[in-house]
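Open the model in a viewer and follow the stops below in order. Each stop says what to select and what is there.

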Amino acid sequence: MERKTCVHNSTGRLKRVLLGKPTYYQILPLSDIARDLYDRGIKIDQKTWLKEHEEFVDVFEQLGIEISWVKLSPKLPWQASTRDFGVNTPHGVLIGRFRYSERKGEEIMAKETLEELGETILPKQITRGCLEGGDCFWLDENTLIVGNGNRSTYAGYENAKEILSEYGKRVFVVEFLSKWNHLDVIFSPVAEKLAIVCKDAVPEYFIGILDALGWELIKVPAEYAYRNEINMLALGDEKVLSFRGNRLNKVLRERGLEVYDPAIETFAAAGEGPHCLSFELEREP
């Protein structure tokens, strides 16, 4: 069966997704949120991670979204966060490059998995600087944004821009303070041309780009980013994947969206929301 490994946008109907079981999951101090838990010596029972992840997976199963699983290694404890090894494009997956040594190797395991699944991978990958999927969103079929905060670097953005320009795509950089970690902590498309954005964290020129492309924005203060409540996954068809207890669920339901809220509060508290925990293999244009 031919695989249509492609993502044309961030909100089209999700058809196939790549996930990683939290078999070896542990908190790594690679963001301010995770570092706080790590420094306080908080230990989470492995059964908690597994139970919460099962609830997360159940949403995809309910909706008939095809799930593939990344190959795991006990040496890579954060593989449940499948988002970050790269970014999918309308032409196949662009393999990225991690900034921190604790995560290096995840991109190799992901690439091996994709090859075995018969997915399309771009012939070039990020070789300069760093590029992580949590910093990447498609605003339309031809426009990718790359966050430049704690993880992805300016050199990584430039490398992605060079590679994707060969396919006629344009790539913009969004700069923000490193304390926000990834762009998906402060920005989240939730439905066609509708996104949540932390007004205290993004630069004005980014708001200008979104406005020029016709996006409607739900602007929220920094307290929502601190609680990782902005981090969501658009499922398409006016559906969005959030988590139990997220205060923005009510806001989205009032706008007519169908919100799925599995009990993954422990992941969210560790800085891992629905967007972090998933990698789209295929969306409808």
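**Whole chain**

Start with the C-alpha trace: a compact globule of 285 residues would have a radius of gyration near 19 Å, and the 17 Å of the protein chain agrees with that (taken over C-alpha atoms; the globule rule is 2.2 Å times the number of residues to the power 0.38). This is a predicted model, in which local features need pLDDT of at least 70 and side-chain atom pairs count only at pLDDT 80 or more, while totals for chains, interfaces and linings use all residues. Residues are numbered from 1 along each chain as its sequence is written, and side-chain values use heavy atoms, with hydrogens and water left out.

Along its principal axes the trace spans about 45 × 40 × 35 Å. Colour by secondary structure to see 8 helices and 14 strands (DSSP runs, H or I of at least four residues and E of at least two, numbered from the N terminus).

**Main core**

Next select I186, F187, I196 and L252, which have the most contacts inside the largest nonpolar core, a set of 38 residues (buried Ala, Val, Leu, Ile, Met, Phe, Trp, Tyr and Cys joined through side-chain atoms within 4.5 Å; buried means under 20% relative accessible area, 1.4 Å probe, protein chains only). Strand β9 gives the largest share of this core, 5 residues.

Centre on F187. Not counting residues up to four places away in sequence, F187 touches F137, L139, I145, A195, I196, V197, F206, L210 and I230 (contact means heavy atoms within 4.5 Å).

Finally, select W49, I67, A270 and L277: they are among the 24 residues of another core, apart from the largest one.

How values were computed:
Buried < 20%, exposed > 50% of the residue type's maximum accessible area, 1.4 Å probe, protein only.
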